[in-house]
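User: I have a structure open here and would like to go through it with you, a bit at a time. Could you start with how you use your terms, and then take my questions as they come?

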Amino acid sequence: MTGSFGREYNSAKTYKHIEAAPHCAAMGAEIKGVDVADLSDSAFKEVEDALFRHKMIYLRNQHIDARTLEAFSARFGEFADDAYTDGIDGSRNVQPIIKEADAKTGWVFGSGWHTDSPFLKRPPAISILYGVDVPPYGGDTVWANSALAYSLLSPTMKDLLKGLKVHMSIRDVLENAQTKGKAGDDPIGKLVKLRGAPDLPEDMKEKIRGAFHPLVRTHPVSGEQCLYVDGSYTINFEGFEEEEAAPIIDYLVRHITQPAFVCRLRWEKNTLVLWDNRLCIHQALNDYDGFRREMYRTTIAGEAPR
Ligand code: SIN
């Protein structure tokens, strides 16, 4: 890494309707003074501004049902096609992510550093996750700031990376789910059930073919440049052999996820978290066997990365 960063980065901005308290030096903020079930348009605009500024924001003590989660999410734009579930009864854009206390699996939904569904031509811009039942400890989510990571690369490395296209595919996640996960009705369990199928469904073949996106992309609102690469879905660069690309991908993911660029959230019941998939990668930790974790997620459509 070249250079350093400090108090100006991820600093608090003064808002009129909300308070945004920085969570870590690299990213994240807790938003206070907001009830998402009852939010004026001007307060909503400030929440959105804080999301793009801090990349991940969270709000404690939000007492909402699935319809309110869906209605709040819809204020950010149209829903993304969810690549993994069909939603819950009555709220098809609200995706359940549930692990029971007696479930043991080597691969949970969200395992491995990733940005959400980048194998789509228009990957989700924003993800929103609500905790209904959370372990007393464990089950944290971790994010890493890929814009900060890009900004601290050397000018020569930046020049080298500009112009490259990443190939994103569900291929390796499917394989990890099938070798480490358990069959069931949850999103990972459904991937496991496809193991040994004589022919994969057409939509799965499409996700394996995946999509090509610029490795260095520009945020459409803030103009920030960032590395669009992850450790789960990135399988190659356009025009490369996979073995040529692998060490570069590995280096970039290690660079982005170094401790200084990361923030980690300890969940509490009724916490609502939002993150910007264009500017950060994240992962769910699989360290809470014996505890139940019940979350609900929505995703908001993004643009074709540029
Ligand atoms: C996800 O990757 O969207 C899920 C994160 C989590 O369950 O903590």
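Analyst: Buried, as I use the word, means a relative accessible area under 20%. Please keep in mind that this is a predicted model. By that cut-off cysteine 263 is buried, because its relative accessible area is 1%.

User: Switching to backbone angles, what is the phi of lysine 55?

Analyst: Lysine 55 has a positive phi of about 75 degrees, although it is not a glycine. Most residues other than glycine have a negative phi. Lysine 55 sits in the loop between α1 (41–54) and β3 (56–59), and with 2% relative accessibility it is counted as buried.

User: Where is asparagine 270, and what is its phi?

Analyst: Asparagine 270 is in the loop between β12 (262–265) and β13 (272–276), and its phi, near 70 degrees, is again positive in a residue other than glycine. Asparagine 270 is counted as buried because its relative accessibility is 13%.

User: Back to α1: how far apart are its end C-alpha atoms, and what span should its residues have?

Analyst: The end C-alpha atoms of α1 are 20 Å apart, which agrees with the 20 Å that its 14 residues should span at 1.5 Å a residue.

User: Which residues of α1 are buried, and what covers them?

Analyst: The buried residues of α1 are Ala43, Phe44, Glu46, Val47, Glu48, Ala50, Leu51, Phe52 and His54. The elements covering them include β1 (19–22), β2 (29–32), β3, α2 (66–74), β5 (126–133) and β13.

User: β5 is on that list, so is β5 itself mostly covered or uncovered, and which strands does it pair with?

Analyst: β5 is mostly covered, with six of its eight residues buried. It pairs with β13 in the antiparallel sense over five bridges, and isoleucine 126 stands opposite aspartate 276 in β13. β5 also runs antiparallel to β15, joined by seven bridges, and there tyrosine 130 stands opposite tyrosine 296.

User: What about β4, which residues are on its covered face?

Analyst: In β4 (residues 95–99) the covered face consists of Gln95, Ile97 and Lys99, while Pro96 and Ile98 make up the uncovered one. β4 and β15 run antiparallel and are joined by five bridges, with isoleucine 97 standing opposite methionine 295 in β15.

User: Where is asparagine 277, and which side chain does its own side chain contact?

Analyst: Asparagine 277 is in the loop between β13 and β14 (280–284), and its side chain makes a polar contact of 3.2 Å with the side chain of tryptophan 275. At 1% relative accessibility, asparagine 277 is counted as buried. Beyond four places in sequence, the residues it touches include Thr115, Pro124, Ile126 and Tyr228.

User: Last topic, the nonpolar core: which residues touch the most other members?

Analyst: The largest nonpolar core has 59 residues, and those touching the most other members are Met56, Tyr84, Trp143, Leu161, Leu215 and Leu227. Helix α8 (residues 242–256) gives the most to this core, with five residues. A second, separate core has 29 residues, among them Ile18, Ala29, Ile64 and Leu69.

User: And what does leucine 161 touch?

Analyst: Leaving out residues up to four places away in sequence, leucine 161 touches Leu153, Leu215, Val216, Leu227, Ile248 and Leu252. In soluble globular proteins, nonpolar side chains tend to be buried together.

Technical notes. Residues are numbered from 1 along each chain as its sequence is written. This is a predicted model: local features need pLDDT of at least 70, side-chain atom pairs count only at pLDDT 80 or more; totals for chains, interfaces and linings use all residues. Side-chain values use heavy atoms; hydrogens and water are left out. Helices (H or I, at least four residues) and strands (E, at least two) are DSSP runs, numbered from the N terminus. Buried means under 20% relative accessible area, exposed over 50%, partly exposed in between (1.4 Å probe, protein chains only). The expected span of a helix is 1.5 Å times one less than its number of residues. Contact means heavy atoms within 4.5 Å. A nonpolar core is a set of buried Ala, Val, Leu, Ile, Met, Phe, Trp, Tyr and Cys residues joined through side-chain atoms within 4.5 Å. Two strands pair if DSSP finds at least two bridges between them. A polar contact is a pair of N or O atoms within 3.5 Å; within protein, one must be able to donate a hydrogen and the other to accept it, and residues adjacent in sequence count only if both atoms are side-chain atoms.
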